[in-house]
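Student: I would like to learn how to read a model feature by feature. Can we work through one together?

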Amino acid sequence: AVNGGYYNKASGTQSAVNGGKVNTASGTNAAVNGGGNNIASSYSAAVNGGYYNTASGHTSAVNGGYYNKASGDGAAVNGGNFNKADALGSAVNGGSANEATGFFTTVIGGDNNVASEHSSVGGVP
């Protein structure tokens with residue numbers, strides 16, 4: 001279902017795009033909720049606002065910001081820009097150019113941080 005906006009596409013089974021422009025929900029049960037040029041391409045993936053964000057892991061999410069990617073299953077990027085959550089259960093919570101590369105790793109913010117192998121990094125701007 002496409003519920004408003006411009007040039008949006010919901011092609012996955014039971015997927016939805018709720019507003020915004022040029023958004024795509026191609027995964028089963030995927031959703032894009034506003035923003036622009038966002039993609040939710042995997043099972044139950046979601047992008048909630050922002051621009052140029054991609055959620056491609058199963059049950060992954062990007063919650064705002066721009067140019068963020070959540071490619072690990074269960075991964076999340078919560079704002080900021082140019083952040084990546086690449087591994088199972090990984091998360092980046094804001095900042096810029098941060099990357100969570102190991103299983104269940106977290107970057108809490110800051111800039112240019114990398115968390116790998118069951119670790120957490122607390123960023124300082």
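Tutor: We go from the whole chain to single residues.

Tutor: This is a predicted model, in which local features need pLDDT of at least 70, side-chain atom pairs count only at pLDDT 80 or more, and totals for chains, interfaces and linings use all residues. Residues are numbered from 1 along each chain as its sequence is written, and side-chain values use heavy atoms, with hydrogens and water left out.

Student: How many helices and strands are there in the protein?

Tutor: Helices (H or I, at least four residues) and strands (E, at least two) are DSSP runs, numbered from the N terminus. The protein has 16 strands and zero helices. Its radius of gyration is 14 Å, close to the 14 Å from the globule rule for 125 residues, so the protein is as compact as a globular protein of that length. That radius is taken over C-alpha atoms, and the rule is 2.2 Å times the number of residues to the power 0.38.

Student: What does the C-alpha trace span along its principal axes?

Tutor: About 40 × 25 × 10 Å.

Student: What percentage of the residues count as buried?

Tutor: Buried means under 20% relative accessible area, exposed over 50%, and partly exposed in between (1.4 Å probe, protein chains only). Here 43% of the 125 residues are buried. The accessible surface, by the Shrake-Rupley method with a 1.4 Å probe, comes to about 5700 Å². Carbon and sulfur atoms hold 52% of that surface.

Student: What share of the contacts comes from residues 24 or more positions apart?

Tutor: A contact means heavy atoms within 4.5 Å. Take the contacts with a separation of 6 or more: residues 24 or more positions apart account for 0% of them.

Student: Which residues touch the most other members of the largest nonpolar core?

Tutor: A nonpolar core is a set of buried Ala, Val, Leu, Ile, Met, Phe, Trp, Tyr and Cys residues joined through side-chain atoms within 4.5 Å. The largest one has 17 residues, and V32, V62 and V77 touch the most other members. Beyond four places in sequence, V77 touches residues including A61, V62, A70, A85 and V92.

Student: Where is A76, and what does A76 contact?

Tutor: A76 sits in strand β10 (residues 76-77). At a relative accessible area of 17%, A76 is buried. Leaving aside neighbours within four places, A76 is in contact with A61, A70, A85, S90, A91 and V92.

Student: Is A16 buried or exposed?

Tutor: A16 counts as buried, at 18% relative accessibility. Strand β2 (residues 16-17) holds A16. Not counting residues up to four places away, A16 touches A1, A10, A25, A30, A31 and V32.

Student: Where does G89 lie?

Tutor: G89 is in the loop between β11 (84-85) and β12. With a relative accessible area of 25%, G89 is partly exposed. Outside four places in sequence, G89 contacts D73, G74, A75, F104 and T105.

Student: What is the phi of N112?

Tutor: N112, also not a glycine, has a positive phi of about 60 degrees. N112 is found in the loop between β14 (106-107) and β15 (114-115). Its relative accessible area is 61%, so N112 is exposed.
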